[in-house]
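Q: Can we go through this structure together? I would like to start with the charged pairs.

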Amino acid sequence: MIGDTGCAARADKDGNVQAPLPTGTPVYAAPETRAPQGVFHAARADVYSVGVLLAVCCAWHRTTGRVLAWQRGELALPTFIPAPLAHLITQLTAKDPAQRPTARQALEHPFLAGVDVGALAPLRCPGLPPR
C-alpha cells in the first residue's frame with residue numbers, strides 16, 4: 001500500500017472525489033485532482049500517481065524539475081528505462097483518466113505479469129519478534 005495522507009479524501013459510492021484536493025504532493029497528483037472544481041475518479045487518479053512514482057524511482061529521484069518537465073511533455077522518459085516499463089509508465093500517466101488502465105489491468109501488464117509477488121515479500125531478520 002502506498003499513501004499520501006496529506007491529500008486523503010473520501011470517495012463517494014461510485015469512487016468519485018470532489019476536486020480540488022486540499023493538499024498533498026503536487027508532483028504525484030493526477031492533473032484532474034488539481035482542477036478548480038468538478039469531480040474525478042479516485043482510482044484513476046491513484047493509478048496516475050503510481051505511474052509518476054515509477055518514473056521517479058527509475059529515472060528522476062531528487063530531480064523534481066525533470067519530473068515536472070516530463071509531465072508537461074517537454075521531456076521524454078530516458079531511453080535506459082526498459083521499453084515494457086516505459087510503456088506501463090506511459091499508460092499509467094495518460095492525461096485522459098479514461099485512457100489509464102485500472103489497477104488490475106496494470107498488474108496484468110507484460111512488465112508486471114511475470115513478477116512473483118511472493119518473492120517480493122519482506123524478509124524478517126532472525127531473532128525479531130513476529131508482527
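**Salt bridges and core**

A: Asp14 is partly exposed, at 47% relative accessible area (buried is under 20%, exposed over 50%, partly exposed in between, with a 1.4 Å probe and protein chains only). This is a predicted model, where local features need pLDDT of at least 70, side-chain atom pairs count only at pLDDT 80 or more, and totals for chains, interfaces and linings use all residues. Residues are numbered from 1 along each chain as its sequence is written, and side-chain values use heavy atoms, leaving out hydrogens and water.

Q: Which side chain does Asp14 meet in a salt bridge?
A: Lys13, at 3.6 Å, N to O. A salt bridge is a side-chain nitrogen of Lys or Arg within 4 Å of a carboxyl oxygen of Asp or Glu. Lys13 is exposed, at 79%.

Q: How many salt bridges does the structure hold?
A: Three. One of them joins Arg100 and Glu32, with the closest N and O atoms 2.6 Å apart. This pair links distant parts of the chain, 68 residues apart.

Q: Is Arg100 buried or exposed?
A: Arg100 counts as buried because its relative accessibility is 1%. Glu32 is buried as well, at 15%.

Q: New topic. How many residues are in the largest nonpolar core?
A: It has 19 residues. Such a core is a set of buried Ala, Val, Leu, Ile, Met, Phe, Trp, Tyr and Cys residues joined through side-chain atoms within 4.5 Å. Those with the most contacts inside it include Ala55 and Trp60.

Q: What does Ala55 touch?
A: Leaving aside neighbours within four places in sequence, Ala55 is in contact (heavy atoms within 4.5 Å) with Trp60, Trp70, Leu77 and Ile89.

Conventions. Helix = DSSP H or I, 4+ residues; strand = E, 2+ residues; numbered from the N terminus.
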